[in-house]
Amino acid sequence: MQVFTLYEGSYSVAADKKFIPFNPEIHHPKDRPASLFIHVQPFLVKLKNSLILCDTGLGYSSEDGKLILHENIRKAGFNPDDVDLVLMSHLHFDHSGGMIHHINDKIELSFPNATYVIQQGEWESAFTNTSSSYKTEIFDFLQRNAQLKFIEGSGQLTDEISYELTGAHTPFHQAFLITDGQEKVFFGGDVLPEPEELLRKFIAKYDFDGRKAMELREEFGKRAAAENWKCLFYHAKSKATGHVTLTDGQFKIN
């Protein structure tokens, strides 16, 4: 099994929920008051007989109009058309924007040969939730054009992929565990988005259920340490992937 980090960029996010590119070499945090600063990085996982994408980023394009996500997949040595499964932790725009892309005035599926795997409840919430974090025009297009697989609760998607309904960040957020029989890779989406969130306990205002999210981070951290998972951190500022150890009640990311 191979894992590739598809770094899409760093951004500031204010109350308007807009993601503005942020380059610390030329931009200054003080010029963007009341903003969160986050990194965005989907992951590509190569199994023996399949190519899997974990979330799709913002779907931003480079100056020459090419989808950054596509370019990163090609840099990893693969063709975006060869992606078999797109595993969606949830449908907030910073995770789902790259499911489609704009070419001039046209919209196209970013991964026309893939099956998009989404929790049924998250899909329904995306259409009814009034939050600007959901972009229903994306889901309208997917509904008409994509291969969609809706799943419910927790279970086994394939012999190699299991999914777990976590809630916490959104009511129907899910996490994925991928194994090739030897290694185990865990993608926790926004329930475990950064390694630093294992190192300190806190309740985040941006979670639907902040207390549950805090408890889940610790639970997943303990399981990761016990079962030697390789964890993928979607919003990591420092270390995008790592193994977790637990010593005397203290987590460490290696």
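So, a salt bridge here is a side-chain nitrogen of Lys or Arg within 4 Å of a carboxyl oxygen of Asp or Glu. With that rule, Arg223 and Glu164 form a salt bridge, their closest N and O atoms being 3.2 Å apart. The two belong to distant parts of the chain, Arg223 in helix α6 and Glu164 in strand β13 (residues 161–165), 59 residues apart. Helices (H or I, at least four residues) and strands (E, at least two) are DSSP runs, numbered from the N terminus.

Quick housekeeping. This is a predicted model, where local features need pLDDT of at least 70, side-chain atom pairs count only at pLDDT 80 or more, and totals for chains, interfaces and linings use all residues. Residues are numbered from 1 along each chain as its sequence is written, and side-chain values use heavy atoms, with hydrogens and water left out.

Back to the charges. Searching the whole structure gives 10 salt bridges. Arg223 and Glu164 also belong to a salt-bridge network that includes Glu219. How accessible are the two ends? Arg223 is partly exposed at 27% relative accessibility, and Glu164 is partly exposed at 23%. For the cut-offs, buried is under 20% relative accessible area, exposed is over 50%, and partly exposed is in between (1.4 Å probe, protein chains only).

Now Arg217, which pairs with Asp207, closest N and O atoms 3.9 Å apart. Arg217 is in helix α6 and Asp207 in the loop between α5 and α6, so this bridge ties together parts that are 10 residues apart in sequence. Buried or exposed, this pair? Arg217 counts as buried at 2% relative accessibility, and Asp207 is buried too, at 6%.

Lys106 is exposed at 51%, while Glu108 is partly exposed at 31%.

Staying in the α5–α6 loop, there's Tyr206, partly exposed at 40% relative accessibility. What does Tyr206 touch? Leaving aside neighbours within four places in sequence, Tyr206 is in contact (heavy atoms within 4.5 Å) with Leu36, His169 and Glu197. With Glu197 there's a side-chain polar contact of 3.0 Å. A polar contact means a pair of N or O atoms within 3.5 Å; within protein, one must be able to donate a hydrogen and the other to accept it, and residues adjacent in sequence count only if both atoms are side-chain atoms.

On to aromatics. Rings of Phe, Tyr and Trp (its six-membered ring) pair if their centres lie within 6.5 Å; planes under 30 degrees apart are stacked, over 60 edge-to-face, the rest tilted. That rule gives 11 aromatic pairs. Tyr11 and Phe19 have ring centres 6.4 Å apart and planes at 75°, so they're edge-to-face, and both residues are buried. Ring pairs also link Trp123, Phe127, Phe139 and Phe150 into a cluster. Trp123 is one of the buried residues of helix α3 (residues 120–128), and those buried residues pack against β10 (115–119), α4 (136–145) and β11 (147–151).

Last, some strands, which pair if DSSP finds at least two bridges between them. β1 (residues 2–5) runs antiparallel to β5 (residues 43–46), with four bridges, and Phe4 partners Leu44. Leu44 also stands opposite Leu53 in β6.
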